[in-house]
Amino acid sequence: MKDKQDAAPDSTAARVALWRALHVEADPPPHVLEDEIGLKLLAPDEDWRRRGDMDPQFTRPFRASIVARARFIEDLVVEQAGRGLGQYVILGAGLDSFAQRRPEIASRLKVFEIDQPGPQAWKRQRLIELGFGVPDWLRFVPVDFEAGEGWRDGLATAGFDDSKPAIVVSTGVSMYLTKDANAATLRQVAALAPGSALAMTFLLPLELADPEIRPGLEMAEKGARASGTPFLSFFTPPEILALARQAGFGEARHVSAADLTRRYFMHRTDGLRPPSNAEELLVATT
């Protein structure tokens, strides 16, 4: 039996959820993403905004990156759903809130959230307590990665149809996996039915990041190492594109911070934007 601490979301998932809420609270509209669901799930003490990692000024570029990647992926899922795609797989789902915020889209799909058993059971219970519930089209897929369980096996048990295409997303995960493990994940997604798509974030080598955010990234790297989940993989855009093509994807493209800025931040007057050469996106199709 896992204890209560093991069952709660990990610190990274909680931080991401709080940054999404902080974007709504601290940044002027229009907001790139309106998401306070994770804040409701976590129900932190009132002083959460005074935490060092929630400082509104220091965290600006990081929360811009978080909401930009989330909005891009959400737009991609909506686009794919509009083309008739019916399965959406979220690897390392954490406190993802698409199913709660966009039920008009999500209910037309089968949404598979893959995560560690303890945090996922905690999330399920909190969704029920808050009145969101767990509709039939939302499938929780507990996978104990530390015990060597495979996510494809869990998907099959949860009702995933291998004969139909899916969109698979993975955000904030690749840096914690070895390059071999990332390659294996890419191969597994590339082997899905034709018409499937992948959207995955990757972290560029820290020395390439914008100078003003490099100290924050280095601090995050040290914190991850100290907590026993070190950053293991960094990729340049050419490297991640080559890995995707080697895995068997027919098409692969890099979505940079500049691309996200042009798409979501161009008309802002407050200077909010995601940092360049930090965490960016790979989009690939089978």
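## Gln 80 in helix H4

In this predicted model, Gln 80 is found in helix H4, a helix that spans residues 60-82. The relative accessibility of Gln 80 is 9%, so the residue counts as buried, the cut-off for that class being under 20% relative accessible area. When residues up to four places away in sequence are not counted, Gln 80 touches Leu 85, Ile 167 and Ala 197.

## The second largest pocket

Helix H4 also takes part in the second largest pocket, where H4 gives the most to the lining, with 3 residues. Helix H4 and helix H10, the latter covering residues 214-226, are the elements that give two or more residues to this lining.

About 210 Å³ of space lies in the second largest pocket, and 13 residues line it. Among these lining residues, Gln 57, Arg 60, Pro 61, Glu 212 and Ile 213 lie nearest the centre of the pocket. By residue class, the lining divides into 7 nonpolar residues, together with 3 polar and 3 charged ones.

## Thr 261 in helix H12

Thr 261 is found in helix H12, which runs over residues 257-264. With a relative accessible area of 16%, Thr 261 is buried, since the class takes in residues under 20%. Leaving aside neighbours within four places in sequence, Thr 261 is in contact with Met 266, Arg 273 and Pro 274.

## The chain as a whole

The secondary structure of the protein chain comes to 12 helices and 7 strands. The radius of gyration of the chain is 18 Å, which is close to the 19 Å that the globule rule gives for 286 residues, and the chain is therefore as compact as a globular protein of that length. Taken along the principal axes, the box filled by the C-alpha atoms is roughly 45 × 45 × 40 Å.

Buried residues, the class to which Gln 80 and Thr 261 belong, make up 52% of the 286 residues in the protein chain. The accessible surface of the chain comes to about 13300 Å², and 52% of that surface belongs to carbon and sulfur atoms. As for how the chain is joined to itself, among contacts between residues at least 6 apart in sequence, 77% join residues at least 24 apart.

Note on methods: Residues are numbered from 1 along each chain as its sequence is written. This is a predicted model: local features need pLDDT of at least 70, side-chain atom pairs count only at pLDDT 80 or more; totals for chains, interfaces and linings use all residues. Side-chain values use heavy atoms; hydrogens and water are left out. On a 1 Å grid over the protein atoms alone, a cavity is a set of points where a 1.4 Å probe fits but cannot get out, and a pocket is an open set with protein on both sides within 12 Å along at least five of seven lines; lining residues have an atom within 4 Å of a point. Grid points are joined across faces, edges and corners, and a volume is the space filled by probe spheres set on the points. Helices (H or I, at least four residues) and strands (E, at least two) are DSSP runs, numbered from the N terminus. Ala, Val, Leu, Ile, Met, Phe, Trp, Tyr, Cys and Pro count as nonpolar, Asp, Glu, Lys and Arg as charged, and the others, Gly among them, as polar. The radius of gyration is taken over C-alpha atoms; the globule rule is 2.2 Å times the number of residues to the power 0.38. Buried means under 20% relative accessible area, exposed over 50%, partly exposed in between (1.4 Å probe, protein chains only). Contact means heavy atoms within 4.5 Å. Accessible areas come from the Shrake-Rupley method with a 1.4 Å probe; for residues, only the protein chains shown count as cover.
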